[in-house]
Amino acid sequence: MEESKSKLFKQRLFRIHVAAGMTFSIIMYIAIFFGVFAILLPYIKTWEKPSRHIEKVNITKIDYNSMINKALATPNYPKNNLLLNLPGNMGDPAVVIAHRFAKPLAFNPLTKKMLKNETKEQTNLADFLNELHYGQPLKLIGRLIFGFVAVGTMVLIITGLILITIMKFKNQGKTQQAVFSKIHVQVFTWAFLPFFLITLSGAVMNVGLISAGPMSKILSKGEASSIDAVVGTVLFKQSKPIKKLEQKASMLPINQLLLKAKKINPKLDLKQVKLINWNDKTAQVEIIAYNPYKPFLNGGVFNKPSITLSAVTGELIKEKKVLDNIWPVFLSEGIFFLHFLFGIDIFSRIAVAIIMSLCAIAIGFGTMLYLEKKAKKYDSKITFYHWLGKFSLAAMIGVIPATASLFVLQWIMPFDLVDRVLWQKGIFYNIWLFTLFWSFYRINSYKAAKEFFYVGGVLFILSSILHFINSNFYPNTLISNNMGNILGVDIGLILFGALFIYIAKKLPLKREEAKQFWKMKGKK
């Protein structure tokens, strides 16, 4: 009796896992696919903008004061509480002076000349890829859908772990289905923890932040419309404004103050400088930083270590350390850190991108396992043609040439073209939609998949070549000018394209060949 109950429980749990998997898999795959690009967002942002093709400079050897004076001389530009973004902050090689009520001003750190910032109507590639990652193109509905899919995926992870524990998959089969199952199970067995944590943080940001507004109204009885108004003053103590003496004073060079901050705490990576009462005798600089030795706890949205110095004498006024906060702030910071990866280096980002790519591949094999079981019913009878298979083909593989077209269009379309970004997005959506039509048109899904991989691979490589030609920055120029971050994107695109072309060559053309292909892989 107990054995039959246990068997029934396993069957029901397995069916729930399969049903939920096929419900959430496609959207989750899309979220991960664009999420891989979002992980590398700072580098793509630099690659896409001609104004950001700037040589890397040591942040302590730049004349910031002359740029600040130019910003202050700009008509109608705010004079107090300016925020100076140092080169390298979020991957931006420029010096950017910003204010919450004014457009940011960008400067070349070498020439000290003001740069002509590209508008969002001219270039928006990295941000658009990030928006696709969390469903922003569909506004509130898209964010809710992607948020609830993240919640559903966490349920899938939990049920999958239970199934692995109680069913004890041997992963020794040699059939096509067995190979698909083996890859799906093994990847998630090893990668479930980072995948679960990143998915959890995504669910909190999409569903949690959307619901925060209505909850704030309920808690405050209609007085507050955002979570900041309810808990902001409790979690984040506001500094009292410093009264000006209206006495002009000579300001110390910012690079000298940066050197002093590094002496006070050598462990900090300096990111921003807030200018308070600049040119007044009471002037201060709040140097905002990130401590790489305490990840998850700082550098993101809520908890930023800082050193406040007098801009007149260089005297230390205040030092805010990472651990000078309360646990709710650390919890919030940890959730956001998991998703945005604030402050971490390129190698760590690539490692996370590889893990998430493997998870996307595992989702793909899980989908193929379900479709293969469906197709097996029609073996030697009729050609298997299932709407879900065709839709999955377009969503999971068709997205590759569509995304590659975005990178090609980035450097083939004139930057002064009217509604440039709108044209770029429109072409992307049309190509992706065309892959759906093509998937249904091609009876042979294997052939369609090979075509998508080939086209995507060629376009990714072409985008890198077009960047070299139209930006006039060739590999040797990028190397000699210390622009390895930009060259790295080009190399990544070429490797990405080469990988897809290799996959296209290796993939079988027919289902009968596929059976033998995966059977051979299963023997290895």
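Let me begin with the conventions. The model is predicted, and local features need pLDDT of at least 70, side-chain atom pairs count only at pLDDT 80 or more, and totals for chains, interfaces and linings use all residues. Residues are numbered from 1 along each chain as its sequence is written, and side-chain values use heavy atoms, with hydrogens and water left out.

I turn to the sheet. Seven strands form an open sheet in the order E3-E2-E1-E4-E5-E6-E7, with antiparallel pairing. Two strands are said to pair if DSSP finds at least two bridges between them. Strand E3 (102–107) and strand E7 (316–320) stand at the edges, each with a single partner strand, so one side of each has no neighbour in the sheet. On average, neighbouring strands of this sheet are turned by 20 degrees against each other, direction ignored. Such axes are lines fitted to C-alpha atoms, for helices over the stretch in contact, and angles run from 0 to 180 degrees between N-to-C directions.

A contact here means heavy atoms within 4.5 Å.

Strand E4 (residues 269–276) and strand E5 (residues 284–290) pair in the antiparallel sense over seven bridges, and Val 273 has Ile 287 in E5 as its bridge partner. Strand E2 (residues 95–99) runs antiparallel to E3 and is joined to it by four bridges. There, His 99 stands opposite Ala 102 in E3, and a hairpin connects E2 to E3 through two residues.

Next, the aromatic rings. Rings of Phe, Tyr and Trp (its six-membered ring) pair if their centres lie within 6.5 Å; planes under 30 degrees apart count as stacked, over 60 as edge-to-face and the rest as tilted. By this rule there are 27 aromatic pairs. One of them, Phe 460 with Phe 496, is edge-to-face, at 5.1 Å centre to centre and 65 degrees between the planes. This pair links distant parts of the chain, since Phe 460 belongs to helix H14 (residues 445–471) and Phe 496 to helix H16 (residues 484–506), 36 residues apart.

Phe 460 is buried at 0%, whereas Phe 496 is partly exposed at 25%.

Ser 463 also lies in helix H14, and at 0% relative accessibility it counts as buried. A polar atom of the Ser 463 side chain lies 2.6 Å from the backbone oxygen of Phe 460. A polar contact is a pair of N or O atoms within 3.5 Å; within protein, one must be able to donate a hydrogen and the other to accept it, and residues adjacent in sequence count only if both atoms are side-chain atoms. Leaving aside residues up to four places away in sequence, Ser 463 touches Trp 47, Phe 407, Val 408 and Leu 493.

Trp 47 leads us to helix H2, where it is one of the buried residues. Seven of the eight residues of H2 (residues 41–48) are buried, so this helix is largely enclosed by the rest of the structure.

Beyond residues up to four places away in sequence, Phe 128 touches Pro 137, Leu 406, Lys 425, Phe 428 and Tyr 429.

Charges also sit over rings, which requires NZ of Lys or CZ of Arg within 6 Å of the ring centre and within 35 degrees of the ring normal. Arg 420 lies over the face of Phe 415, at 4.1 Å from the ring centre, and the charged end of Lys 267 sits over the ring of Tyr 293, 5.8 Å from its centre.

Asn 76, not a glycine, has a positive phi of about 65 degrees; it lies in the loop between helix H3 (64–73) and E1 and is exposed at 81%. Lys 139, likewise not a glycine, has a positive phi of about 60 degrees; it lies in helix H5 (residues 139–167) and is exposed at 55%.

How values were computed. Buried < 20%, exposed > 50% of the residue type's maximum accessible area, 1.4 Å probe, protein only.
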